[in-house]
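This report describes a predicted model of a protein chain. It begins with one residue and its contacts, then turns to the wider fold.

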Amino acid sequence: MTISVKPFRYVMQIALCVTLLLGITSSLSAQEHQNELPQVIIETSEGVIEVTLRPDIAPETVDNFLAYVSNGFYEGTIFHRVIPGFMIQGGGFDKNLNRKQTRDPVRNEAKPTAKNLRGTIAMARTSSPDSATSQFFINLADNDFLNAGVRGPGYTVFGKVSGGMGVVDAIAGKATGRSGGMGDVPKEPVIIHSVSRKKADSATE
C-alpha cells in the first residue's frame, strides 16, 4: 500500500490559509466586541432601570455620562423633577435638594435623526445649548418638540431604556409638589442608589 505525501508547498499553502482564516475570525470578534453598545444599571428606590448608551450618535455625551458613573457621582442623587406624560429628570441634586458640584458642560450633540421618543434618555440643560452637565431625563412619551430643529437646537438623546421601563412609569406616578423653590418634586424622594456599567457577562462594575 502506497501512502501519498503531498508536496511541501501545498502543505504550506494550507497552513497559510488556516492562519489567514483564524486572523480574520479573530479580527471580526474583536470588531464585534468593540462595536458592543455600553449599558448601565440605574438602581433606584423604586427598582432597577437598564439603559443602553449610544456613543455612535453622541460620543462626547456618553463619555461625559460614563465619567460621572465611574466616579460614583450619581450615588445618593434623586429624580427631582417628575411630570407624568412628559419625562422624569434626575442626576443633579441629593435628597435634601442640595445641588452637586459638576464637571464642565458638554457640547450639545442633538441630531434630528436621534429623536426624543418614549424610553430614550437625554441630557437636561438650561436655555444655553451647550450647558448640559450631569442631569439627564427619560422621556415618558414621544416628545417631538425636544428634537433638534423643531424649536431650536434640541436636547441630546444618548441612549434608551432597555429594561425596567415599568420602574420609570412607577416613578412617573409619584405624587409631586413644590420644594426647595422647584416644582414637580416627588413628595417621597426617589433615590438613585447607584449607576454602574454593565459588563458583557451581565455583571456590573
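## Contacts of one residue

Apart from neighbours within four places in sequence, Ile-49 is in contact with Val-40, Ile-41, Ile-42, Thr-44, Ile-138, Val-161, Gly-163, Gly-164, Val-167, Val-168 and Ile-171.

## Nonpolar cores

The largest nonpolar core has 33 residues, and those that touch the most other members are Ile-49, Phe-65, Tyr-74, Ile-88 and Phe-158. A second, separate core holds eight residues, including Phe-86, Met-87, Ala-122 and Ala-124.

## Order of elements

The protein chain has three helices and ten strands. Starting at the N terminus, the order is α-β-β-α-β-β-β-β-β-α-β-β-β.

## The barrel

Eight strands form a closed barrel in the order β1-β2-β7-β5-β6-β4-β3-β10, and their pairing is antiparallel. On average, neighbouring strands of this sheet are turned by 35° against each other, with direction ignored.

Strand β1 (residues 39–44) and strand β10 (residues 191–198) run antiparallel and are joined by six bridges. Within this pair, Ile-42 stands opposite Val-195 in β10.

## Helices on the sheet

Helix α2 (residues 59–70) packs on the sheet and touches β1, β2, β5, β6, β7 and β10. The direction of α2 makes about 115° with that of β10.

Helix α3 (residues 165–172) also packs on the sheet, where it touches β1, β2, β3, β4, β6 and β7. The direction of α3 makes about 120° with that of β2.

## The chain as a whole

Of the 205 residues in the protein chain, 40% count as buried. The accessible surface of the chain is about 11400 Å², and 53% of this belongs to carbon and sulfur atoms. Among contacts between residues at least 6 apart in sequence, 66% join residues at least 24 apart.

Technical notes:
Residues are numbered from 1 along each chain as its sequence is written. This is a predicted model: local features need pLDDT of at least 70, side-chain atom pairs count only at pLDDT 80 or more; totals for chains, interfaces and linings use all residues. Side-chain values use heavy atoms; hydrogens and water are left out. Helices (H or I, at least four residues) and strands (E, at least two) are DSSP runs, numbered from the N terminus. Buried means under 20% relative accessible area, exposed over 50%, partly exposed in between (1.4 Å probe, protein chains only). Contact means heavy atoms within 4.5 Å. Accessible areas come from the Shrake-Rupley method with a 1.4 Å probe; for residues, only the protein chains shown count as cover. A nonpolar core is a set of buried Ala, Val, Leu, Ile, Met, Phe, Trp, Tyr and Cys residues joined through side-chain atoms within 4.5 Å. Two strands pair if DSSP finds at least two bridges between them. Axes are lines fitted to C-alpha atoms, for helices over the stretch in contact, and angles run from 0 to 180 degrees between N-to-C directions.
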